[in-house]
Amino acid sequence: MKNRLLTFAAIAFLGTASSVAQAMPVNVAQLYGTASATSTYSIHAPSRAIDGNEATTWVTNGGSPLRINLGQIFEVSKISLLRELPDGQYSGDQIPYAIYSSLDGNNWDLISSGTFINDVDDRDDYLFSSGLSMQYFKYQATGPSAWVGLAEVQIFAEQSTTASVPEPGALALIGLALGGLGLTRRRKS
Ligand SMILES: [Ca+2]
């Protein structure tokens, strides 16, 4: 009976430890990305598209691609594009675009295409349930509109961790809990 109780306690604590340690997707574009473009208007640099601030924007009047190098290959679960916030200063009416991924920066695979419809907080999300391997991202405006602005490109992936191994602190807690349980039962008996 005592051994069975201890086993249940250990399973309960291990379950807690592993769920706490599970990796959450993070915005690897903001954390590790480097953004570049062949055309930029004024002070609205490419880095502003991955700075985590929705009030800053990369702007071009040439429709050139925006490229983001993540620094290493990630298994991407979600890409979110946020058009510039509605100050209206650089927004066109409708801006069709295409987005691409690449492992080497030379060979590009089309992810999808879309259209930003209006000036108001327009966000497009792309989900990849089985993961999309990529190190490089490219946004290319494909329509006739000259002005393009992107407030944020968010690329979500789980960071590589040893998520299944409880940390020393968790193991110590398990030991303390098992010890306490044993002590309690001894006092009762
Ligand atoms: Ca920004």
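Strand β5 (residues 95–102) is mostly covered, with six of its eight residues buried. Here, buried means under 20% relative accessible area, exposed means over 50%, and partly exposed lies in between (1.4 Å probe, protein chains only). Helices (H or I, at least four residues) and strands (E, at least two) are DSSP runs, numbered from the N terminus.

The structure is a predicted model, in which local features need pLDDT of at least 70, side-chain atom pairs count only at pLDDT 80 or more, and totals for chains, interfaces and linings use all residues. Residues are numbered from 1 along each chain as its sequence is written, and side-chain values use heavy atoms, with hydrogens and water left out.

**Overall architecture**

The protein contains three helices and eight strands. From the N terminus on, these elements follow the order α-β-α-β-β-β-β-β-β-β-α. Of the 189 residues, 35% count as buried. The protein exposes about 10,500 Å², of which carbon and sulfur atoms supply 54%; accessible areas come from the Shrake-Rupley method with a 1.4 Å probe, and for residues only the protein chains shown count as cover. A contact is defined by heavy atoms within 4.5 Å. Among contacts between residues at least 6 apart in sequence, 75% join residues at least 24 apart.

**Strand pairing**

Two strands are said to pair if DSSP finds at least two bridges between them.

| Strand pair | Sense | Bridges |
|---|---|---|
| β2 (residues 34–37) and β4 | antiparallel | four bridges |
| β4 and β7 | antiparallel | 12 bridges |
| β4 and β8 | antiparallel | seven bridges |
| β5 and β6 (residues 108–116) | antiparallel | eight bridges |
| β5 and β7 (residues 123–141) | antiparallel | six bridges |

Towards β7, Val-76 is bridged to Leu-132, and towards β8, Leu-81 is bridged to Val-153.

Strands β5 and β6 form a hairpin with five residues between them, and Gly-105 in the turn has a positive phi of about 85 degrees.

**Ser-101 in strand β5**

Ser-101 lies in strand β5 and is buried, with a relative accessible area of 4%. Its bridge partner in β7 is Phe-137. The C-alpha atoms of Ser-101 and Tyr-136 are separated by 5.7 Å, although these residues are 35 residues apart along the chain. Leaving aside neighbours within four places in sequence, Ser-101 is in contact with Asn-107, Trp-108, Asp-109, Ile-111, Leu-132, Met-134 and Tyr-136.

**The nonpolar core**

A nonpolar core is a set of buried Ala, Val, Leu, Ile, Met, Phe, Trp, Tyr and Cys residues joined through side-chain atoms within 4.5 Å. The largest such core has 29 residues, of which Ile-79, Leu-81, Phe-137, Tyr-139 and Ile-155 touch the most other members. At least two residues of this core come from each of α2 (28–32), β4 (66–83), β5, β6, β7 and β8 (148–158). Strand β4 provides the largest share, seven residues.

Ile-155 is in contact with Val-26, Asn-27, Val-28, Ala-29, Leu-70, Val-76, Lys-78, Ile-79 and Phe-137, leaving aside its neighbours within four places in sequence.

**Trp-58 in strand β3**

Trp-58 is placed in strand β3 (residues 58–60). With a relative accessible area of 0%, Trp-58 is buried. The side chain of Trp-58 reaches the backbone oxygen of Ser-39 at 3.4 Å. The C-alpha atoms of Trp-58 and Pro-46 are separated by 5.0 Å, and the two residues are 12 residues apart along the chain.

**The calcium site**

The protein donors of the calcium ion are Arg-48 (O), Asp-51 (OD), Asn-53 (O), Thr-56 (O), Thr-56 (OG1), Ala-151 (O) and Glu-152 (OE), at 2.2 to 2.6 Å from the ion. Donors are N, O and S atoms within 2.8 Å of the metal (3.2 Å for Na, K and Ca); water is not among the atoms, so sites may look incomplete. Along the sequence, the donor residues are spaced R-x2-D-x1-N-x2-T-x94-A-E. Arg-48 counts as partly exposed because its relative accessibility is 25%, and Asn-53 counts as partly exposed at 34% relative accessibility.

Note on methods: A polar contact is a pair of N or O atoms within 3.5 Å; within protein, one must be able to donate a hydrogen and the other to accept it, and residues adjacent in sequence count only if both atoms are side-chain atoms.
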